[in-house]
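Student: Could we go through this structure together? I'd like to know what the labels rest on.

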Amino acid sequence: AHAIQKRDIEHLKYTGEVAFFECSQYDIKSLVLQIVQSALEKGYHLSDIQLLACKYSGVAGIDRLNAALQECFNPHDPLLKEWKVGHRIFREGDRMLQLKNQIDDGVYNGDIGVIESINMQLMQFTVRFDGDKVSVLQYSDAEQIALAYAVTIHKSQGSEYPAVVIPILTGPRQLLHRNLL
């Protein structure tokens, strides 16, 4: 953090709990998967690891990273129900992000939960947040949620995670500032 504040980022390598890896933008997805797999091998649980990204689109965007992480860590399984909503697929066991307040359920914008069950007959699914909060969402509520293997840095503000992975690459200048790091 001190080196970044001093703009001394030319020689950043592994120092204690922080590691920097250089790669091409097209190798980011595979490198992220390797880093997450390595963290799992070191004893972290998938729920301990949060991927943070600056934007939704692009090779290191949230949409691509979420799809890759979902396919790696919660792939299609005939024993798990899944629900396709537009271009997104939600599966039982997926991490998801609440995008709108559900005051009646005590669930708020930015909360992360896990899809416990999908009921195709009732066109709804049940999401558990923080162990005790449960929200039942209808198919029509699908715009209120997103996969949460990767989330924006903005959405993560105020949260803490045991392990964080942040792909950083050149892009829109309004997103790339030292305070982002």
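**Strands, helices and salt bridges**

Tutor: Let's start with a pair: β1 and β9 run parallel and are joined by three bridges. Before we go on, this is a predicted model, where local features need pLDDT of at least 70, side-chain atom pairs count only at pLDDT 80 or more, and totals for chains, interfaces and linings use all residues. Residues are numbered from 1 along each chain as its sequence is written, and side-chain values use heavy atoms, with hydrogens and water left out.

Student: What makes β1 and β9 a pair?

Tutor: Two strands pair if DSSP finds at least two bridges between them. β1 and β9 have three bridges, so they pass that test. As for the names, strands are DSSP runs of E with at least two residues, helices are runs of H or I with at least four, and both are numbered from the N terminus.

Student: Why are β9 and β10 called edge strands?

Tutor: The open sheet has three strands in the order β9-β1-β10. β9 (150–152) and β10 (163–165) each pair on one side only. On average, neighbouring strands of this sheet are turned by 35 degrees against each other, direction ignored.

Student: Which helices lie across β1?

Tutor: Helix α2 (residues 28–41) lies across β1 and β10, while helix α3 (residues 62–73) lies across β1 and β9. Contact here means heavy atoms within 4.5 Å. α2 runs at about 160 degrees to β1, and α3 at about 160 degrees to β9. Axes are lines fitted to C-alpha atoms, for helices over the stretch in contact, with angles from 0 to 180 degrees between N-to-C directions.

Student: How do you know that β1 is largely enclosed by the rest of the structure?

Tutor: Five of the five residues of β1 are buried, so the strand counts as largely enclosed. Buried means under 20% relative accessible area, exposed over 50%, and partly exposed in between (1.4 Å probe, protein chains only). I49, L51 and A53 point one way, Q50 and L52 the other, and all are buried. In a regular strand the side chains alternate between the two faces of the sheet.

Student: Now the charged residues. Why is the contact of E82 with R91 called a salt bridge?

Tutor: A salt bridge needs a side-chain nitrogen of Lys or Arg within 4 Å of a carboxyl oxygen of Asp or Glu. E82 and R91 meet at 2.6 Å, N to O, so they qualify. R91 has 4% relative accessibility and therefore counts as buried, whereas E82, at 27%, is partly exposed.

Student: What makes R128 and E116 a link between distant parts of the chain?

Tutor: Their closest N and O atoms are 2.4 Å apart, in a salt bridge. R128 sits in strand β6 (residues 124–129) and E116 in strand β5 (residues 112–119), 12 residues apart. R128 has a relative accessible area of 29%, so it is partly exposed; E116, with 39%, is partly exposed too.

Student: Is D130 buried or exposed?

Tutor: D130 is at 61% relative accessibility, so it counts as exposed. Its salt-bridge partner is K133, with closest N and O atoms 3.6 Å apart. K133, at 22%, is partly exposed.

Student: How many salt bridges does a search of the whole structure find?

Tutor: Five.
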